[in-house]
Amino acid sequence: MLDLLLPLSLSAVFGTVVGTAFRLSRLPGRERPLRFPLVGLTAGVTAFFLHLVLNAVTGAPVWLLPLLVILQVWLWLGPLGPRVDRPRD
């Protein structure tokens, strides 16, 4: 159980850090700043389970997990993320 819990928590924390870093790289003053770390947390947990399945099926290397986390945070907050309507002057 500990061999699953430790990598799961580390990937969740890494996802939260990446989400927060993505928040800091965006324009300040967004309406929902807590959305970025929460999406990062969700992406970290999802990437862990995706890596677990990939490892069981194809023998995916360990270094693929951080790349999956970063890719999912970028996709979910970037191109595939929610559209934010900015007020026009």
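What covers the buried residues of α2? The cover includes α1 and α3, where contact means heavy atoms within 4.5 Å and buried means under 20% relative accessible area, exposed over 50% and partly exposed in between, with a 1.4 Å probe and protein chains only. This is a predicted model, in which local features need pLDDT of at least 70, side-chain atom pairs count only at pLDDT 80 or more, and totals for chains, interfaces and linings use all residues. Residues are numbered from 1 along each chain as its sequence is written, and side-chain values use heavy atoms, with hydrogens and water left out.

**Overall make-up**

- The protein has 3 helices and 0 strands, and from the N terminus on its elements run α-α-α.
- Helices (H or I, at least four residues) and strands (E, at least two) are DSSP runs, numbered from the N terminus.
- Of the 89 residues of the protein, 29% count as buried.
- Among contacts with a separation of 6 or more, 63% join residues 24 or more positions apart.

**Helix α2**

- α2 has 24 residues and spans 33 Å from its first C-alpha to its last, close to the 34 Å expected at 1.5 Å a residue.
- That expected span is 1.5 Å times one less than the number of residues in the helix.
- The buried residues of α2 are F36, P37, V39, G40, A43, G44, A47, F48 and H51.
- V39 is found in helix α2 and counts as buried because its relative accessibility is 18%.
- Leaving aside neighbours within four places in sequence, V39 is in contact with W76 and L77.
- V39 and W74 are 35 residues apart along the chain, and their C-alpha atoms are separated by 9.9 Å.
- With neighbours within four places in sequence again left aside, A43 is in contact with V69, Q72, V73 and W76.

**After α2**

- G59 follows α2 and has a positive phi, near 75 degrees.
- P61 lies in the loop between α2 and α3 and is partly exposed, with a relative accessible area of 34%.
- P61 and H51 are 10 residues apart in sequence and 8.8 Å apart in space, C-alpha to C-alpha.

**Nonpolar cores**

- A nonpolar core is a set of buried Ala, Val, Leu, Ile, Met, Phe, Trp, Tyr and Cys residues joined through side-chain atoms within 4.5 Å.
- The largest nonpolar core has 7 residues: V18, F22, F36, V39, A43, V73 and L77.
- Two or more residues of this core come from each of α1 (2–25), α2 (35–58) and α3 (64–77), and α2 gives the most, with 3 residues.
- A second, separate core of 5 residues includes A47, L65, L68 and V69.

**Helix packing**

- Axes are lines fitted to C-alpha atoms, for helices over the stretch in contact, and angles run from 0 to 180 degrees between N-to-C directions.
- Angles under 35 degrees count as roughly parallel, over 145 as roughly antiparallel, 65 to 115 as roughly perpendicular and the rest as oblique.
- A crossing is left-handed if the near helix is turned anticlockwise from the far one by less than a right angle, and right-handed if clockwise.
- α1 and α2 pack at an angle of about 140 degrees with their axes 7 Å apart, and are therefore oblique to each other.
- α1 passes α2 in a right-handed crossing, and the contact is made by residues including L4, L8, S11, G15 and F22 of α1 and F36, G40, G44, F48 and L52 of α2.
- The axes of α2 and α3 come within 8 Å and cross at roughly 135 degrees, so this pair is oblique.
- α2 passes α3 in a right-handed crossing, with V39, A43, A47, H51 and L54 among the α2 residues, and L65, L68, V69, V73 and W76 among the α3 residues, that meet there.
- α1 and α3 pack at an angle of about 40 degrees with their axes 10 Å apart, and are therefore oblique.
- The crossing of α1 and α3 is right-handed.
- S11, F14, G15, V18, G19 and F22 in α1 meet L65, P66, V69, I70, V73, W74 and L77 in α3.

**Residue S11**

- S11 is found in helix α1 and is buried, with a relative accessible area of 5%.
- Not counting residues up to four places away in sequence, S11 touches G44, F48, L65 and V69.
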